[in-house]
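Colleague: Could you open the model so that we can go through it together? I have a handful of questions about the packing.

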Amino acid sequence: MTTKTQTVCRGRPCAFNKEEALGKALELFWRNGYEGTSLSDLTKVMGINKPSLYSAFGNKEQLFLQAIDLYEERPDAFFYPAMEQKTAYLVVQAMLRGAADRMANADHPQGCVIVQGALSCSEASATVKDALVKRRLEGQQALQKRFEQAQQDGDLPQHIDAANLASYIGTVLQGMCVQANNGASTAELYAVADMVLENFPKA
């Protein structure tokens, strides 16, 4: 169901779509980073004034974290859905190819806002940086558990360190994000994915 919030526009009430405004804020944060996005930039692109922004979303930090929630819930999100694949190999294949497809997609900013947001934050934005790092670590831990399940199922060799493998895949994904942000094409990112898959341990 679409959420709508009342705000004030030039002295008279006007309705705005909260989810749509949040989506616009997400794209701005994605393009410019947390610190590179000002409140003036946000109010302009969202079509609201500062009091309305604070009323609907809280401060800039709270708005950013809500935008990250929206980012992770997008229909084309690939990381967590990939874990539903039947084998560890297919999990990693879906993750890496999903990253190649999404991160270099010209329909939205390149790369991953969670990775880029943490890289660009200074000490002044330590709370935001810590929140993004926590999300990445949670993803890595979830992937480790998926690999451990694969070992129990006989799908992944027992001698493989599931934690190290999850860290390795996470590092590759972050590297693909940086490359996409630097202009790498989907085909170039697919080449990276294929190289990882060629050497992925199989039972």
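Colleague: Let's start with Y34: buried or exposed?

Modeller: Y34 has a relative accessible area of 9% and is therefore buried, where buried means under 20% relative accessible area, exposed over 50% and partly exposed in between, with a 1.4 Å probe and protein chains only. This is a predicted model, in which local features need pLDDT of at least 70 and side-chain atom pairs count only at pLDDT 80 or more, while totals for chains, interfaces and linings use all residues. Residues are numbered from 1 along each chain as its sequence is written, and side-chain values use heavy atoms, with hydrogens and water left out.

Colleague: How many aromatic pairs are there?

Modeller: The count is seven aromatic pairs, taking rings of Phe, Tyr and Trp (its six-membered ring) as paired if their centres lie within 6.5 Å, and calling planes under 30 degrees apart stacked, over 60 edge-to-face and the rest tilted. F29 and Y34 are stacked, because their ring centres are 6.1 Å apart and their planes lie at 20 degrees. F29 is also buried, at 1% relative accessibility, and F29, Y34 and F64 form one aromatic cluster.

Colleague: And F147 with F200, what sort of pair is that?

Modeller: F147 and F200 make a tilted pair, with 6.2 Å from centre to centre and 50 degrees between the planes. F147 lies in helix α8 and F200 in the segment after α10 (186–198), so this pair ties together parts that are 53 residues apart in sequence. Both F147 and F200 are buried.

Colleague: Which charged side chains lie over the face of a ring?

Modeller: K18 lies over the face of F57, at 5.4 Å from the ring centre, and R74 lies over the face of Y71, at 4.0 Å from the ring centre. The rule asks for NZ of Lys or CZ of Arg within 6 Å of the ring centre and within 35 degrees of the ring normal.

Colleague: Back to α8, then: what is its span?

Modeller: Helix α8 covers residues 126–152, and its 27 residues reach 39 Å from the first C-alpha to the last, close to the 39 Å expected, the expected span being 1.5 Å times one less than the number of residues. Helices here are DSSP runs of H or I with at least four residues, strands are runs of E with at least two, and both are numbered from the N terminus. Among the buried residues of α8 are V128, L132, R135, G139, L143 and R146. After α8 comes G154, whose phi is positive, near 75 degrees.

Colleague: How does α8 pack against α9?

Modeller: α8 and α9 (residues 162–181) pack at an angle of about 130 degrees with their axes 8 Å apart, the axes being lines fitted to C-alpha atoms over the stretch in contact and the angles running from 0 to 180 degrees between N-to-C directions. α8 and α9 are therefore oblique to each other, since angles under 35 degrees count as roughly parallel, over 145 as roughly antiparallel, 65 to 115 as roughly perpendicular and the rest as oblique.

Colleague: What about α9 and α10?

Modeller: The axes of α9 and α10 come within 10 Å and cross at roughly 165 degrees, so α9 and α10 are roughly antiparallel to each other.

Colleague: And what is the overall make-up of the chain?

Modeller: The chain has ten helices and two strands, and 41% of its 203 residues count as buried.
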